[in-house]
Amino acid sequence: MNYTELKAAIIAYTENQDQSFEAEIPVFVRQAEQRIYNTIQFPSLRKNVTGVISLGNKYLSAPDDFLAVYSFAVIKTDGSYEYMLNKDVNFIRESYPDPTDQGIPKYYAIFGPTTTNANPAVITTELTFLLGPTPNNGYTAELHYYYYPESCYRDWE
């Protein structure tokens, strides 16, 4: 099925030929894709990236196309992997209230999206990992994650 056939099927099913309705069909398609990606974790929609965890910095940015974590590890200086456990932000803040409490990160939480103090406030979709404890050294992190692929709708335009 191509986009023209899908659009015709949606219009026939809903019995709605209003121009404003037709203009919203691409939004429906993208939202349906996102719902499928959020519900079913396809192995083919996984990526692997590495990043740098800095000494004393308990935050690490998530990739722009990030959907969900598959695994997240700290690569220690001897090359061994220490897989971190997913926890809530509250757990990490309660367990490590003092940022000077440092060690090899054992936990991560997904932090965000953020809201600016602008008037009106701007909500960003940027996600960040909060690490606990605060890193006591510079490390490499390896993240295996599920990602949002580009919308199929783009291929149909």
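A: We begin with contact, which means heavy atoms within 4.5 Å. The model before us is predicted. Leaving aside residues up to four places away in sequence, Thr134 touches Gly56, Asn57, Lys58, Pro99, Asp101, Gln102 and Gly103.

Q: Is Thr134 buried or exposed, and in which strand is Thr134 found?

A: A residue counts as buried when its relative accessible area is under 20%. Thr134 has 4% relative accessibility and therefore counts as buried. Thr134 is found in strand β9, residues 134-135.

Q: How is burial read along a whole strand, for instance how many residues of β3 are buried?

A: Burial is taken residue by residue along the strand. Strand β3 covers residues 66-75, and nine of its ten residues are buried.

Q: With which strands does β3 pair, and in what sense?

A: Pairing is read from the bridges between two strands. β3 pairs with strand β10 (residues 139-147) in the antiparallel sense over eight bridges; in that pairing, Val74 stands opposite Ala141. β3 also pairs with strand β4 (residues 81-83), again antiparallel, over three bridges, and Ile75 has Tyr81 in β4 as its bridge partner. β3 and β4 form a hairpin with five residues between them, and Gly79 in the turn has a positive phi of about 90°.

Q: What is the order of strands in the open sheet, and why do β2 and β5 each have a side without a neighbour?

A: The open sheet of four strands has the order β2-β8-β7-β5, with mixed pairing. β2 (59-61) and β5 (85-86) stand at the edges with a single partner strand each, so one side of each lacks a neighbour in the sheet. Within this sheet, β7 (residues 107-111) and β8 (residues 128-132) pair in the antiparallel sense over five bridges, with Ala109 opposite Leu130 in β8.

Q: Which residues have the most contacts inside the largest nonpolar core?

A: In soluble globular proteins, nonpolar side chains tend to be buried together. Here the largest nonpolar core has 17 residues, and those with the most contacts inside it are Ile53, Val69, Phe72, Tyr108, Phe129 and Leu131. β3, β8 and β10 each supply at least two residues of this core; β10 gives the most, with five residues. A second, separate core has six residues, among them Tyr3, Phe21, Ile25 and Val29.

Q: Which residues does Tyr108 touch?

A: Not counting residues up to four places away in sequence, Tyr108 touches Val69, Phe72, Met84, Leu85, Asn86, Lys87, Ile92, Phe129, Leu130 and Leu131.

Notes:
Residues numbered from 1 in each chain as written. Predicted model: local features only at pLDDT ≥ 70, side-chain atom pairs only at ≥ 80, totals over all residues. Heavy atoms only, no water. Buried < 20%, exposed > 50% of the residue type's maximum accessible area, 1.4 Å probe, protein only. Pairing = 2+ DSSP bridges. Core = buried A, V, L, I, M, F, W, Y, C linked by side-chain atoms within 4.5 Å.
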